[in-house]
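Here is a short briefing to read alongside the model. Have the viewer open and follow the residues as they come up.

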Amino acid sequence: MAKNNAAFVRHQLIEEQAPPITERGVVKWVRENLFSSPFNVIMTLLSLWVIYSIIAGVAPWFINGVWNANSVRDCYDILDGATGACFAVLKERFPQLIYGFKYPSTEYWRPNTAVILLLFALAPILFRKLPRKFLLFSLIYPFLAYWLIWGGTPLVPVVAFLGFVIGIYCFRRFSANAFALGAIIGVIAANIFWVLGGYVVDANETFLALQAVPSRDMGGFMLNILLGTIAVALSIPLGILLALGRKSNMPIIKWICVLFIEFIRGVPLITLLFVANVILAFFLPPETSIDLILRVIVMMTFFNAAYIAEVVRGGLAALPSGQYEAANSLGLDYSKSMRFIILPQALKISIPGIVNTCVGMLKDTTLVSIISMFDLVGMIRGPILSSTSWNGVYWELFGAAATIFFVVCFSVSKYSQWLERQLETSNR
Amino acid sequence: MSTSISSERETFRLSMLLNDKRYRSYTFQAFALFVLICVVAYLGKNLVENLAAAGLNISYGFLGEASGYDINQRLIEYSSQSSHLRAAFVGILNTLLVAFLGCITATILGITAGILRLSNNWIVAKLMSIYVEIFRNVPVLIWILIINSIFLAVLPQPRAFKGENPEASMLWDMFAFTGRGIYAPKPLFLEGSVVVVGTFILSILAIFALRRYARHKLYSEGRLINTLWPSLALFVIPTVLIFYALGSPIGLEYPELKGFNFKGGIYARGGLISLWFALSIYTGAFIAEVVRAGILSVNEGQTEAAAALGLRPNFVMNLVVLPQALRVIVPPLISFYLNITKNSSLALAVGYMDITGTLGGITLNQTGRAIEAILLLMLFYLIISLGISAIMNIYNRSIMLKER
Amino acid sequence: MKKTIFFGALAVAGLAAGIVSAGTLDDVKARGKLNCGVSTGVPGFAQPDANGVWQGFDIAVCRAVAAAVLNDSDAIEFVPTTGKTRFTSLASGEIDMLARNTTWTMSRDVDLKFEFIGVNYYDGQGFMVKASTGITSAKSPDIDGVTVCIQTGTTTELNLADHFRSIGMSYEPLPVESGAEAVTQYMAGACDMFTTDRSALAARRANMETPEDHVLLPEIISKEPLGPLVRHGDNDWADVVRWTLNALITAEELGVTSANIEEMAKGTNNPEMNRLLGSEGNLGEMLNLDADWAKRAISVAGNYGEIFEANIGSGTIIGLARGVNAMWTDGGLIYSPPFR
């Protein structure tokens, strides 16, 4: 009825149009992400050029790679002047790169099993959702791994393990009354058991024995993993103790910890390894001979512990002082308040830092190649590069070493980032 | 009441040393001290006995003897007739040199990569995160070795510069990039050069004064003075005028190919270059992570507020975000600088004669004085580390104060 | 071995007993293993093969000593040492003897308190250059400013400095940790010249792809008598090692080889051979060993000459001529005091 005065009013909605081509799909993404400003255009082109030149440089080398040859000369013959890698060295020396050149080849399953079991042993520590019972396996694991890797009779680790069990049992039993008394009784009980067990072990050297492999025969990437894992496992408790000591209000304890931490952090790891390798023997009684690998482990543990102590100290400092006061006001003594209130929270904060430190430790195990141990890098720089057949195959070997380390360290640090996120959400 | 207190005081029993909280800490400390003294005494006793049994002694006399070996890269005069002590000094300076250079380039690299990693440009951000992950997750020793071999393989050797039709040529006839190192012209200071250098320093001081004055004007009167062009003019003109007025007293000594190697000019050996490069690129990856975390830690509101004020993106970054992010970035940066210094001890893998290579390497090998040399070596690193952290802590505190 | 790894935790528990240090010979016998310090890898002299078994000229000395003392040439712990660690390892007792291209010098003998028990290879420091450089002498004025790769931790650094000082020319030292790396650097062109003991140079050159492109310069700039060494002060042990080496040398002089040793040991007309092989006299007893010690030492890999030929001699890829290392009867320097 009412006349429509307006010149034009659309009565129905226009059909939805597709956005202009520049505002959708790949084009939009490319325009916004790669070519949004002149500067970005330059950066994009520059990046593409970098990627192109890397690929152009590496691809022929990689694709032409020779996998089947007996020596570097064979490689050159097969390549016949073309650019190409000589991956045959990796194929031929793979066991040496991984296990060193002296670990008996029939026993390779043992370190392999130990590594797989390590994942199982770590799982309950890292994933809180798993049943707590699995922690028992984590406790047994070090002794099992010792037997698997070094061989010999399983009685040795069994006796050692039982000694710890007895010691801890006695400590639990008696420490209710007096802490010091409990500790002393625990140590004595464990020692008595170890002495007695020593006779049993000596009498049954061959009981269920695996072929014994001395520490000196360990090598390759296995040695890196071995050193890294042991040093990390030992240094975390030591680092926590050092951090607590540094925060302690007992001046002497505090200064001992401060001196230790600052000294270790102030010198490069390589000098500590020189100490282990060159001069430590002068500081020990003349009749002892401690294996080089053990000396190195001790030094690496100290080194890593000092760094972990600083990370944990950061975690302790980040905790609001209300937590300390709350624990005190509940009447908890020092050890209880630390165990139940402070450390669980502080450690949660410091987990990413601890993981970073430990990845650093694993990488630093390559330094043992400088003190004539044949780890992955040591194998390459020593026996493989100096061998007649593979003299001068440099890039392939170091590329492989870098790849192996990258895969391991990258997965560990990715995992730590994931863990960080998990913990973050649980906090809110 | 008072009797109970006094009686408590009097009935101090020995067991209270273990069970009473007030005294227990003394027992612990005494015990710890006792154990520490025992351990030190035990180690000392063993050392003395072992040395006596081997007929050796601890003596630093070897430091005064002629070293008998040559060092290629050196900042101070040294020959095989110089003492071991001087060799150690050459090493110390070399360590400091590579650490200093490494810190600078690692910082530049790290900050660039950290900022670019947050860039909107997808490809750049991805490239940077690949760089960071690859370099962070592979041991630095492997990087040093790989970069050294890349360096050797990619750059031409000096003999490639020889002949009528050389395969390689020098850059502007001044720089020569060879697999053995980089040669650059060396300034020659002739008579009158002091005046030129003095003028240059004075003009730099003048630039600082000008900027200060400009800032003062800005804050007190709100007048913005453009300092860019006057600064540039101050930087260039007086020095150039004096330089030509005095008849070019500073010349350049160009490297020249003679025999097997270039002669003259500044020669940075391959070991130095590859160690420097490897340390920077490795540590740069770590710094990039820290820079990224630092930037992300700055509240988004800050960026938005700055944008609302109409600042352009690079001003937002330089004037608002970075200064706040520095608070988070600087403390870990200090430990990365320390790491560079400590990692420079891996120089011996590429034949760069740092302190580990001279005192802890050849001197140790030639004299057999392992204990003395290693203790001195550790002492040096300890002093450096404590020194750097002290300086950096002061700096750290100064930016913290400004921020509040 | 498990005792060593267990020592830290269980020393108190008696599971790991320290070795009572009555004398190195007794220690070795009690341990049942000889700890022998070797280099980390010099082709022909000491190098693990593809199976991880150590082979080489220096290794043979270790094996002979182990056979003489322990009746088992494999009862050896080969401890790889670097230039930095070799002397401290020996001084601290980690190794019983060092058989690692070590030059006998006065200061090492007197100041560092070691006892060189003899010389198993007379060497001298030489130079290798690429043939394309056209250099024929290490004294020619052409070599001014040359870059030289040296292996650190040896006497070569000092000799090199002395040599260039005496000819009044400049050079660029490029110190490298190991021999293998020195070769890699030399091949990549990081240095024009590679210097080390001439035997090692020959070994490295033989290992190269095209050995004919590299020349050894005629100059030998130092005397490098290489030999095994032990600690000062333990004369009984030093005697065992010294006379084991001498037994290998004497065996060559007398014509005892691994092939005929069984026959010879039954007794011959030669009284010295009989004393050596234990069918006459009580030389073994004097060393606190049994009568067959020398026979066992020689049966491992034969006499000195056989060991030489098998590891570094002209038949091998390394191809060293006997030269001054020929028996004294052939005009060389290899000479053993009599077994009497």
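Leaving out residues up to four places away in sequence, B:Q73 touches B:V90, B:N94, B:Y267, B:A268, B:R269, B:L272 and B:Y352, where contact means heavy atoms within 4.5 Å. This is a predicted model, in which local features need pLDDT of at least 70 and side-chain atom pairs count only at pLDDT 80 or more, while totals for chains, interfaces and linings use all residues. Residues are numbered from 1 along each chain as its sequence is written, chains are lettered from A and ligands numbered from 1 in written order, and side-chain values use heavy atoms, with hydrogens and water left out.

**Around B:Q73**

- B:Q73 sits in the loop between α3 and α4 (84-117) of chain B; helices here are DSSP runs of H or I with at least four residues, strands are E runs of at least two, and both are numbered from the N terminus.
- With a relative accessible area of 7%, B:Q73 is buried (under 20%; exposed is over 50%, partly exposed in between, with a 1.4 Å probe and protein chains only).
- A polar atom of the B:Q73 side chain lies 3.2 Å from the backbone oxygen of B:Y267.

- B:Q29, B:N137 and B:M378 supply 12% of the area that chain B buries against chain A, more than any other three residues.
- Chain B brings 55 residues to the contact and chain A brings 57.
- There is one salt bridge between chain B and chain A (a side-chain nitrogen of Lys or Arg within 4 Å of a carboxyl oxygen of Asp or Glu).
- The side chains of A:K414 and B:E133 meet in a salt bridge, at 4.0 Å from N to O.

**Nonpolar cores**

- The largest nonpolar core has 202 residues, and A:M218, A:I279, A:V296, A:M300 and B:I142 have the most contacts inside it; such a core is a set of buried Ala, Val, Leu, Ile, Met, Phe, Trp, Tyr and Cys residues joined through side-chain atoms within 4.5 Å.
- Beyond its neighbours within four places in sequence, A:M218 is in contact with residues including A:Y99, A:Y103, A:W150 and A:I293.
- A second, separate core of 67 residues includes A:F101, C:A75, C:A265 and C:M273.

Notes: Buried area = accessible area lost by both parts, 1.4 Å probe. Polar contact = N/O pair within 3.5 Å; in protein donor to acceptor, adjacent residues only side chain to side chain.
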